[in-house]
Amino acid sequence: MLILGIETSCDETGIALYHSERGLLAHALHTQMAMHEEYGGVVPELASRDHIRRVLPRIRWVRREDGAALTDIDAVAYTQGPGLAGALLVGTSVANALAFTLGIPALGIHHLEGHLLSPLLASNPPRFPFVALLVSGGHTQLMRVGAVGAYELLGETVDDAAGEAFDKTAHLLGLGYPGGPALAQLAGQGRAGKYKLPRPMLEQMHRTGNLDFSFSGLKTAVQLLVRQRLRPQGVVGASLRPERSPLGGLANPAVDGKLRPQGDVGASLRPERSPPGELANLAAGGQPDAADKADIAASFQEAIVDVLVAKSLYALEQTGLNQLVVAGGVGANRRLRERLDRETAEQGLSVFYPEFEFCTDNGAMIALAGALRLGAELRNDTSGALRLGAALRDNPSGALGVQGATIPAQDSPARTYAFTVKPRWDLSTSV
Ligand code: KG4
Ligand code: ZN
């Protein structure tokens, strides 16, 4: 079976061809990082428009690379959500148009399922069952993975995701976008023991076995530390200027442009309630000196890594499993990998990561998830009826829900083309 994978949930256009027997045949990725950098975060409208430009050339490219004709493709897998509504709609439309024209299934894939299964693309993959630590810009979850489609949530963040905490803290330190890799790089030059930052919910885990995470307090602790260590530098800092939108008004959440209700981001980064002198320092771009910033970055990274490692090991103990899979953008963090490698080895456990290139968003993981779902006969086949449009539902968080009209296709039962724009939902629940 030859599967075309399409990922357009946020700021990367990922396209891949995956064969159920021959493995990954070709993949192409375009990152919009440079485009969004100027605004300090993802601008959803720009993201959608860019996906439109990038999808078709990359589909042509992967086909040429493998020599496959369009008619060789057996199914199209695409990211159905969670993600940015307009961005998801691009991938969904292309996938369903292709599937409709070719008379093949279109499979809507949960973005996190793609991340979760991405270590199976490696040459030495884990075997089911395993525990997965999903650490991305929008999610932090521990799951028990029994098989494709059998996911049990063990714990998740109650506030910021790990990647979001990296990004927001990087923003506080005046680092660019995306913040995670920049902060990790700076942390490499600092002393992790210099500042003692909180390890949120660790003590609770030891007391009650709770595997949830919380990272917003850690970010606040860094914010306080930065204020204490302020040095006015007389240069207007990019980190604290209001986020600009090319479309007028304030941009969408600058640091986590990943579908958080507007207004809950940024606020925490602004120096509200600061004494006037400190405010003036911040407004003038005051920052701790370079060595101090590196120490803060290293201390922050160590705190997050401590929590992620401890909870992952505890999840293995609780489930009695001996394989840990790490997926999502933060899985690229070297310090996290070093610590997990060492501590799992000490306990006779194994840890698996996706290749670096498949840690962040990509089409290969979506194509793979599609192939595995087809193989396991688990279909979220959306090519049954045509549903158009998305509308705001009465959702207090401002989340978007899907509403559709069913239009019978010629000579066939009604076809459903769905994209799902709920900001976040459990893998274990259906969309
Ligand atoms: O999985 P991903 O590409 O997108 C989402 O689905 O969210 O993850 C992106 C997140 C961002 O928050 C980014 O800052 C973080 O992963 N990230 C890192 C590193 N590389 C990417 N965080 C820490 N260290 C890294 N090396
Ligand atoms: Zn992702």
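Q: Why is Met201 called buried?
A: In this predicted model, Met201 has 22 other C-beta atoms within 10 Å. A residue is buried if 20 or more other C-beta atoms lie within that distance, so Met201 counts as buried.

Q: How do you know whether Ala187 is buried or exposed?
A: Ala187 has 25 C-beta neighbours inside 10 Å. The cut-off for a buried residue is 20 or more, and Ala187 therefore counts as buried. This residue belongs to helix 6.

Q: Which residues are in contact with Ala187, leaving aside its neighbours within four places in sequence?
A: These contacts of Ala187 are Ala297, Ala298, Gln301 and Arg335. Ala187 and Ala294 are also 5.3 Å apart, C-alpha to C-alpha, with a separation of 107 residues in sequence.

Q: Why are helix 5 and helix 8 described as roughly parallel?
A: The axes of helix 5 and helix 8 (residues 216-228) come within 10 Å and cross at roughly 10 degrees. Angles under 35 degrees count as roughly parallel, and the two helices are therefore roughly parallel to each other. Helix 5 contributes Ala165, Lys168, Thr169 and Leu172 to the contact, while helix 8 contributes Leu218, Lys219, Val222, Gln223 and Val226. By class, the residues of this contact divide into 5 nonpolar, 2 polar and 2 charged.

Q: Which residues touch the most other members of the largest nonpolar core?
A: Of the 108 residues in this core, they are Ala77, Ala132, Ile304, Ala367 and Leu368. Helix 10 (residues 290-319) provides the largest share of the core, 14 residues. For Ile304, the contacts beyond four places in sequence are Ala162, Ala165, Phe215 and Leu218. In soluble globular proteins, nonpolar side chains tend to be buried together.

Q: What makes helix 6 stand out in the shell around ligand 1?
A: Helix 6 gives the most to that shell, with 4 residues. Helix 5 (162-172) and helix 6 (179-187) are the elements that give two or more residues to the shell.

Q: Which residues around ligand 1 come nearest, and how does the shell divide by class?
A: Of the 20 residues around ligand 1, Gly137, Gly163, Gly180, Gly329 and Thr360 come nearest. The shell has 6 nonpolar, 11 polar and 3 charged residues, with Gly counted as polar.

Q: What is omega for the cis peptide bond that joins Gly81 and Pro82?
A: For this bond, omega is about -10 degrees. Pro82 lies in the loop between strand 4 (75-81) and helix 3 (85-102).

Q: What is omega for the cis peptide bond from Phe128 to Pro129?
A: Here omega is near -5 degrees. Pro129 is located in the loop between helix 4 (111-117) and strand 6 (130-135).

Q: How many helices and strands does the protein have, and what part of its residues counts as buried?
A: The protein has 12 helices and 12 strands. Of its 431 residues, 49% count as buried. Among contacts between residues at least 6 apart in sequence, 73% join residues at least 24 apart.

Terms used:
Residues numbered from 1 in each chain as written. Chains lettered and ligands numbered in written order. Predicted model: local features only at pLDDT ≥ 70, side-chain atom pairs only at ≥ 80, totals over all residues. Near = placed C-beta within 6 Å. Core = buried A, V, L, I, M, F, W, Y, C linked by C-beta atoms within 7 Å. Buried ≥ 20, exposed ≤ 12 C-beta atoms within 10 Å, placed from the backbone. Contact = placed C-beta atoms within 7 Å. Axes fitted to C-alpha atoms, helices over the stretch in contact; angles between N-to-C directions. Parallel < 35°, antiparallel > 145°, perpendicular 65-115°, else oblique.
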